[in-house]
Amino acid sequence: MALRPTAAAWRLTGLRHSAATLRHYYGRTGGRFEIDPVGPLETTPFRKVADRHLEEWRDFAVERWRRSGGVLRDFDATTNWHGVRIGKGDNLDWWLALRGLQYRMTGRVHVGDDGGAGEVRIVYRVEVYKDWGFDKGEDEYGLSFTPLALLHEAGLAREYTVVGRSRPLGWRSTAELGAPGEGEEIPDPPQDRPGREAAHDHWAVDRAGVRERR
């Protein structure tokens with residue numbers, strides 16, 4: 001099948017994620033394909049909208065913190081599902097792998113107070129979702145999707161769903177409206193004592209950052 005050497009060529013040139021999604025397509029299982037959202041989150045369009053949500057959470061938390069006289073410090077936050085599109089010029093690998101996806105962010109915002117100077121820290125997760133396939137009759141950057149869509153119709157490939165949920169991610173900022181923020185590493189939680197369940201989610205991915213579920 002024509003897709004098999006294409007996927008192999010993409011992987012050899014470093015396009016690991018796009019090669020993996022293409023392999024899953026011609027694998028014809030239709031099973032869910034799981035990714036680590038941190039990869040697409042690092043692209044400019046996704047990072048831009050994610051930071052916008054984090055800044056909105058920060059501004060809301062700071063306003064409530066000030067109105068309460070510093071009493072209210074912790075807030076849970078979530079977004080609705082939104083769409084984001086990754087272009088060819090943003091990241092070729094993720095453009096070929098996904099092009100566009102739906103995402104949702106959930107998190108907890110904490111406003112600290114150190115001698116009257118507040119600092120905001122956010123621990124959040126990102127979930128992603130995509131109905132993966134090709135739209136017959138459409139094209140992008142001169143690439144026609146029709147031949148690839150016909151493979152699904154002929155039973156030579158099968159569309160599927162892409163899902164993913166990130167590990168806990170960190171972000172911090174001063175408690176000033178409109179202040180810039182920056183990412184922050186979140187250390188892995190300590191393992192519980194033997195005989196008790198570990199305190200963190202188990203997240204198994206391969207070196208390419210993806211996992212196929214069949």
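The protein chain exposes about 12,100 Å², of which carbon and sulfur atoms supply 49%; accessible areas come from the Shrake-Rupley method with a 1.4 Å probe, and for residues only the protein chains shown count as cover. The model is a predicted one, in which local features need pLDDT of at least 70 and side-chain atom pairs count only at pLDDT 80 or more, while totals for chains, interfaces and linings use all residues. Residues are numbered from 1 along each chain as its sequence is written, and side-chain values use heavy atoms, with hydrogens and water left out.

The protein chain contains 6 helices and 11 strands; these are DSSP runs numbered from the N terminus, with at least four residues (H or I) for helices and at least two (E) for strands. Of its 214 residues, 42% count as buried (under 20% relative accessible area, with exposed meaning over 50% and partly exposed in between; 1.4 Å probe, protein chains only). Among contacts (heavy atoms within 4.5 Å) between residues at least 6 apart in sequence, 69% join residues at least 24 apart.

The largest nonpolar core has 44 residues. Such a core is a set of buried Ala, Val, Leu, Ile, Met, Phe, Trp, Tyr and Cys residues joined through side-chain atoms within 4.5 Å. Phe-46 and Tyr-124 touch the most other members, and the largest share of this core, 8 residues, comes from helix H4 (residues 44–67). When residues up to four places away in sequence are not counted, Phe-46 touches Pro-40, Leu-41, Val-84, Leu-101, Tyr-103, Val-126 and Val-128.

Leu-148 is found in helix H6 (residues 146–153) and counts as buried because its relative accessibility is 18%. Leu-148 and Tyr-26 are 122 residues apart in sequence, and their C-alpha atoms are 10.0 Å apart in space.

By the ring rule (centres of Phe, Tyr and Trp rings within 6.5 Å, using the six-membered ring of Trp; planes under 30 degrees apart stacked, over 60 edge-to-face, the rest tilted), the count comes to 5 aromatic pairs. Trp-132 and Tyr-160 form a stacked pair, at 5.0 Å centre to centre and 10° between the planes. Trp-132 lies in strand E5 (residues 117–132) and Tyr-160 in strand E8 (residues 160–165), so the pair ties together parts that are 28 residues apart in sequence.
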